[in-house]
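Welcome! Have a look at the sequence and the structure first.

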Amino acid sequence: MSTDPAPGIRPRRPRAVPLERVAERFALVSADEFSGREATGVALSTRDVVAGDLYVGVPGARRHGAEFAERARESGAVALLTDAAGAEIAADADLPVLVTNDPVREILGEVAAFVFGTDDFSALTFGVTGTNGKTSVVYLLDVLLRAAGLKTGLSSTAERRVGDSVVTSTLTSPESPELHGLLARMSEEGVEAVSLEVSAHATARRRIDGVTFDVVAFNNFSQDHLDDFGDLETYFAAKQQLFTPGHAQRGVVVVDSPHGVRMARESRIPIVTLATEYGHEADWHMAVTRQDLDGVSFVLQGPESVRFTGRVPVFGRFMAENAALALIMLHEAGISIERVAAGLDRGLIPVYIPGRLERVSAEGTGPHFYVDYGHTPGSFSAMLDALDEVATGRVIFMFGADGDRDTTKREEMGRIAAAGSDVLIICDYHPRTEDPAAIRAQLIAGARAGGRAEIIEIPDPRTAVREAVSLAGPEDVILYAGPGHEDYQEVDGQQLPYSAREEVRGALREAGLLS
Ligand SMILES: CC(=O)N[C@H]1[C@@H](OP(=O)(O)OP(=O)(O)OC[C@H]2O[C@@H](n3ccc(=O)[nH]c3=O)[C@H](O)[C@@H]2O)O[C@H](CO)[C@@H](O)[C@@H]1O[C@H](C)C(=O)N[C@@H](C)C(=O)N[C@H](CCC(=O)O)C(=O)O
Ligand SMILES: Nc1ncnc2c1ncn2[C@@H]1O[C@H](COP(=O)(O)OP(=O)(O)OP(=O)(O)O)[C@@H](O)[C@H]1O
């Protein structure tokens, strides 16, 4: 078992940049001798340092990164870039120290772009923000771009991908050194279009500095991450930063909600709008024409009679909205809808989104078991509303909540889950350092207010999965929200191996429902 983050994807043939040039470009000062040294990469954590890297020591929530200068040197770092406080901390480290007078994060993205050579990155770059559906839109963008004949790369909560190279992500949006290393590799491999998820943490912590997106998109906004942002206004403001000239050329905004309308109104870059409900004024409209458990068909209508009719093989009205958003982003980047449609088979968008409403049970037979990454009240509402429209049997919903993360959303998640399902199984997710029984108690308190569902508490998720399978009839749908693509359960600082998708497969096999 490893708790280390996966190493990022880096260029195979990194260029070497003299530290003197870095120092000159960013007005860094140093009392140490570093002439003749060159950097071939940048790393923000000693866990990511490879030989030739410039290690960057930032003040963190718990420690100052400069404390780890010696460890960085042992891993092959050529110098430390830090602030004045860091320089004092690392004074005895056997590593040249370059000091900035600015807060380090304010120059980090530009430094990473300079060293990795991505300051002239030329591929089309798409960025997606919003509370729910970023990952889904990124995979839809990727498949549509490939249909248009472009070579693609992507970065999502689930993985970073360039050609055949894939690594599991540790963060939704990588820190800027990882991001620019990834983009440099994409340039090397001739990638023509890149789709990136942009979390509010990424804009707030300046992880996307040094990138100017061609087109960005905002899909929706609801409660999440209040542990980090304190209140919804601050969380929203972080998302708004993406819609500013330093970050993006143009944007697409879903205006179904008041937050969408506000994002469109306050955007500081040119935008076009999408409404999925007629009655809302917008440049583009999307309407669902048919839906069932296997997917959703829709029609998208834009300015100048642009029209697309198609289908996404994942259920939920919101998946059609995600697809429409991705199509408009391509249109805004100059890739015509006709060109995309020509690369599809009768409008079918053949997307696979790891761990997002992923069907784990066999096609065509029930019970229908889906694993999902939803962990917000907004995603629970969206999924359960969708099931209300397409499920023919009962809905069995199971989930647990994150420990050490936004606790204020738990009761609401319990309430929505119980109001929208027939049977609700509450189990453990990542308790982290919290008492799992206390987390479950909060979810159950919320669920009791939701009404409708029979509530069952089963702490062990493996047992809970089997109980769900044993309760389900052939018409029923089981939806397991939370773990999605993940392959671990985090308990008290330890990442224990756990794959919901594998557990579900195992349980279905044991019940004779999967070969
Ligand atoms: C809570 C949080 O945001 N932590 C971030 C922060 O770590 P920190 O301030 O706690 O760091 P610290 O432990 O005090 O250490 C200080 C510095 O020393 C370095 N260090 C520390 C120990 C060591 O052995 N070696 C080493 O180099 C650290 O990398 C850090 O740079 O700085 C690190 C980069 O240096 C981040 O990777 C780390 O993100 C952690 C992993 C994280 O989980 N962040 C979450 C909240 C996050 O960003 N989530 C969003 C989710 C979005 C969504 O769901 O929509 C995301 O974009 O992923
Ligand atoms: N447009 C949408 N509106 C509401 N809910 C959605 C939407 N798209 C997806 N969801 C729901 O939210 C879940 C999470 O989706 P996804 O992983 O794409 O979102 P995300 O924004 O990337 O979240 P995270 O950053 O936490 O990965 C989905 O599996 C689905 O249940």
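## A ligand between two domains

Ligand 2 lies between domain 2 (119–342) and domain 3 (358–510), because both give residues to the shell around it; the domain bounds come from an automatic or database domain assignment. This is a predicted model, in which local features need pLDDT of at least 70 and side-chain atom pairs count only at pLDDT 80 or more, while totals for chains, interfaces and linings use all residues. Residues are numbered from 1 along each chain as its sequence is written, and chains are lettered from A and ligands numbered from 1 in the order in which they are written.

**Around ligand 2**

- Of the 23 residues around ligand 2, those that come nearest are Asn132, Gly133, Lys134, Thr135 and Ser379 (a residue is near if its C-beta atom, placed from the backbone, lies within 6 Å).
- Helix H5 (134–147), helix H11 (317–332) and helix H13 (377–390) are the elements that give two or more residues to this shell (helices are DSSP runs of H or I with at least four residues, numbered from the N terminus).
- H13 provides the largest share, four residues.

**Where H16 meets H17**

- The axes of helix H16 (residues 461–471) and helix H17 (residues 500–510) come within 9 Å and cross at roughly 45 degrees (axes are lines fitted to C-alpha atoms over the stretch in contact, and angles run from 0 to 180 degrees between N-to-C directions).
- Pro461, Arg462, Val465, Arg466 and Val469 in H16 meet Glu503, Val504, Ala507 and Leu508 in H17 (contact means C-beta atoms, placed from the backbone, within 7 Å).

Notes. Contact = placed C-beta atoms within 7 Å.
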